Every structure is written in C-alpha cells, then in structure tokens.
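Me: I have a protein model to look at and would like to talk it through. Could you take my questions one at a time?

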Amino acid sequence: MKASQVERHGGQITDEVQAGAATMLRGGGLLLIFLLELAVLAVGARWGWALDAPIVVRLVAAIVVPLLLAGLWGALGSPRARVPLRPPAKRAFQASWFVLGGGMLALLGQPWLGLALVVVWVAVTILLRRDA
C-alpha cells in the first residue's frame with residue numbers, strides 16, 4: 001500500500017489489505033500442511049528401508065510403504081478423496097496419518113522430531129480452522 005493511500009484512510013489498513021494478508025497466511029498454512037503430508041511419505045520410505053531384513057525386503061518396503069500411504073491419503077484424506085468422509089471421520093483419519101508419521105520417526109530413533117511433526121500439524125490445523 002502506498003503512503004498516500006494510508007494517509008487517505010486515516011493511517012488505517014484497509015479491509016482489502018487485511019483480507020489479502022489473511023489469504024496469504026492461509027496459503028502458507030496449507031503449503032506447510034502439504035509439506036508435512038509429503039514428509040510422512042518420506043518417513044514411510046525411510047522406515048521401510050530401516051527394517052531389519054534382507055536388502056531386497058528393505059528395498060521393496062521402502063517403495064511399497066509410501067505408495068500404500070499415498071493410496072490411503074488419496075482415497076480418504078485428501079481434499080479430493082475418492083471416498084468422501086464426514087468431517088469428524090476425515091479429521092480422525094488425518095490425525096492418524098500424522099501420528100503414524102510421528103510414530104515412524106520415533107521408531108527410527110527420532111522421537112522429538114516425531115513429536116514436532118504432530119505438534120506442528122496440530123497447531124497449523126487449529127489456526128486454519130480458526131480462520132475458516
């Protein structure tokens with residue numbers, strides 16, 4: 001906003017600027033949620049590779065686990081899910097998704113990182129629901 005526009009409005013930020021800022025924050029929150037979803041897929045691959053099994057099994061697990069997770073997300077958790085869930089069921093599925101990601105990180109020896117994954121998801125989700 002130009003200085004002359006601020007002066008004309010008595011130094012106050014207009015509703016349009018506030019709406020634009022809210023839209024940007026919402027977009028940033030949605031981007032962060034998307035990146036966390038992708039992180040769970042990556043953690044699934046890492047967890048599959050870390051199994052105490054022959055290398056062929058580890059390789060298959062590192063490929064199949066994220067594919068299975070992606071299929072579940074596409075069918076149940078995404079905004080365009082093939083199986084429409086009611087809002088409480090969808091929130092429960094999404095919460096389970098991130099808790100599973102945090103649990104896999106804990107099993108990989110990174111419990112604090114797993115906790116951070118879940119806490120960040122909860123915080124961003126609460127903020128996004130509050131603004132909706």
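Me: What percentage of the 132 residues of the protein chain count as buried?
Reply: This is a predicted model, where local features need pLDDT of at least 70 and side-chain atom pairs count only at 80 or more, while totals for chains, interfaces and linings use all residues. Residues are numbered from 1 along each chain as its sequence is written, and side-chain values use heavy atoms, without hydrogens and water. Buried means under 20% relative accessible area, with a 1.4 Å probe and protein chains only. Of the 132 residues in the protein chain, the buried share is 25%.

Me: Nice! How many helices are there in the protein chain?
Reply: Helices here are DSSP runs of H or I with at least four residues, and strands are runs of E with at least two, numbered from the N terminus. Along the sequence the pattern reads α-α-α-α-α. With 0 strands, the count of helices is 5.

Me: Which residues is F98 in contact with, leaving aside its neighbours within four places in sequence?
Reply: Contact means heavy atoms within 4.5 Å. Beyond those sequence neighbours, the partners of F98 are I33, L36, E37, V40, W73, L117, V118 and W121.

Technical notes:
Buried means under 20% relative accessible area, exposed over 50%, partly exposed in between (1.4 Å probe, protein chains only).
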